[in-house]
Amino acid sequence: MKHVIELQPTDTMQRVSRKEFCDKLDEWLETVSRDNVGIIITDEGKDDLVLCPSEWFEKFASNNLNRVINGAVINALINDEKQSCYVIGFIKDAMEMLDIKTLITIDHDISMYLDPYGEIHRYHKEWIELQMDVKIQIDKYRACIDVEEYYKQCVSIRLLMDRLKDKKEETYKLVEQTIKEIEKGYITDIEGIEDFKYLLMDYGDDSRFYELYKSLREVLKEKHPQLADDKWLKGETK
């Protein structure tokens, strides 16, 4: 029978010395699998390793789950404050199971979306505390990375980021030009303009695209008012 996955806090796991674990290896492996629990293997009385069912790790290595977590964070920060306590609690319980990519995204999303309009979030304090815990866990991951290899990766990332920056600047200019052409009446295809509007909305977490979207919306109010009626800008109804 397949166990329902329930993460167990490490402070509640049974401690087993290396010698005891080696002497009864098969028994401990069977216990972990059968009872769906984790154990802490100690070395000279100090916590050293964690042994847990493989399903725990496999589930939390899922890209789909990472996207769900990051989506839940953004939703709780922007749209549904009351969900914050559940999202924060889940992340704290699963902290050691989440990969560094997910944690970095959580850290970024908290910085980006917590109080973006100057309004104090109901769970502001709790989100800041979570962000501090996330940063600590990220530092733990980074401490395990080979320094030389890390800097090689940083150089590669820097090159890619520079290229991305150039491409984004080109895209900004192209969007600005398109808005001007809509304003001057050179582009009149309603369906195409609507697709263009929603494309900008998809990239609204970028401040430049957000400002460009607002510029487009002002143009649409005059040229195509039927396309300007949306509630994407917080606090506006039209």
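Where is Glu44 found in the chain? Glu44 is found in the loop between strand S2 and strand S3 (46–51). The model is a predicted one, and its chain has 10 helices and 3 strands. From the N terminus on, these elements follow the order β-α-α-β-β-α-α-α-α-α-α-α-α.

**Overall architecture**

- The chain comprises 238 residues, of which 29% are buried.
- Among contacts in the chain with a separation of 6 or more, 59% are between residues 24 or more positions apart.
- The accessible surface of the chain amounts to about 16200 Å², and carbon and sulfur atoms contribute 53% of that area.

- In soluble globular proteins, nonpolar side chains tend to be buried together.
- The largest nonpolar core holds 20 residues, and the members that touch the most others are Ile91, Ile106, Trp127 and Leu130. Two or more residues of this core come from each of helix H4 (63–78), helix H5 (84–94), helix H6 and helix H7 (124–143).
- Another core, of 16 residues, lies apart from the largest one; its members include Ile193, Met201, Phe209 and Leu212.
- Beyond its neighbours within four places in sequence, Ile106 makes contact with Ile69, Asn70, Val73, Ile91, Leu98 and Val134.

- Asp109 belongs to helix H6 (residues 100–113).
- Although Asp109 is buried, it has no salt bridge; Arg67, the nearest side chain of opposite charge, is 12 Å away.
- Once neighbours within four places in sequence are set aside, the contacts of Asp109 are Asn70, Val73, Ile74, Leu77 and Leu114. Asn70 and Val73 are also among the contacts of Ile106.
- Gln131 is located in helix H7. Its relative accessible area is 9%, so Gln131 is buried.
- The side chains of Gln131 and Ser111 are joined by a polar contact of 2.8 Å. With residues up to four places away in sequence left out, Gln131 touches Asp107, Ile110 and Ser111.

**Backbone and loop features**

- Asn36 is not a glycine, yet its phi is positive, at about 55°. This residue sits in the loop between helix H2 (25–35) and strand S2 (39–43).
- Asn36 is classed as buried because its relative accessible area is 14%, under the 20% limit for that class.
- Glu44 likewise has a positive phi, near 55°, in a residue other than glycine.
- Is Glu44 buried or exposed? Glu44 is exposed because its relative accessibility is 78%, and the exposed class begins over 50%.
- Gln83 is placed in the loop between H4 and H5. With 29% relative accessibility, Gln83 is partly exposed.
- The C-alpha atoms of Gln83 and Val73 are 9.0 Å apart in space, and the two residues are 10 residues apart in sequence.

**Salt bridges**

- The whole structure contains 11 salt bridges.
- Lys19 and Asp23 form a salt bridge through their side chains, with an N to O distance of 2.9 Å. The two residues are 4 residues apart in helix H1 (residues 18–23), so about one helical turn separates them. Both Lys19 and Asp23 are exposed.
- Lys168 and Asp206 meet in a salt bridge of 2.7 Å, N to O. Lys168 is in helix H8 (residues 147–184), whereas Asp206 is in the loop between helix H9 (190–202) and helix H10 (207–223); the pair therefore ties together parts that are 38 residues apart in sequence.
- Within helix H10, Glu218 and Lys221 are 3 residues apart, about one turn of the helix, and their side chains meet in a salt bridge of 3.3 Å, N to O.
- Glu218 is partly exposed with a relative accessible area of 47%, and Lys221 is partly exposed with a relative accessible area of 38%.
- A network of salt bridges links Arg18, Asp43 and Asp48.

Definitions and conventions: Residues numbered from 1 in each chain as written. Predicted model: local features only at pLDDT ≥ 70, side-chain atom pairs only at ≥ 80, totals over all residues. Heavy atoms only, no water. Buried < 20%, exposed > 50% of the residue type's maximum accessible area, 1.4 Å probe, protein only. Lys, Arg positive; Asp, Glu negative; His and termini not counted. Salt bridge = Lys/Arg side-chain N within 4 Å of Asp/Glu carboxyl O. Contact = heavy atoms within 4.5 Å. Core = buried A, V, L, I, M, F, W, Y, C linked by side-chain atoms within 4.5 Å. Polar contact = N/O pair within 3.5 Å; in protein donor to acceptor, adjacent residues only side chain to side chain. Areas by Shrake-Rupley, 256 points an atom, 1.4 Å probe, with all protein chains shown as cover.
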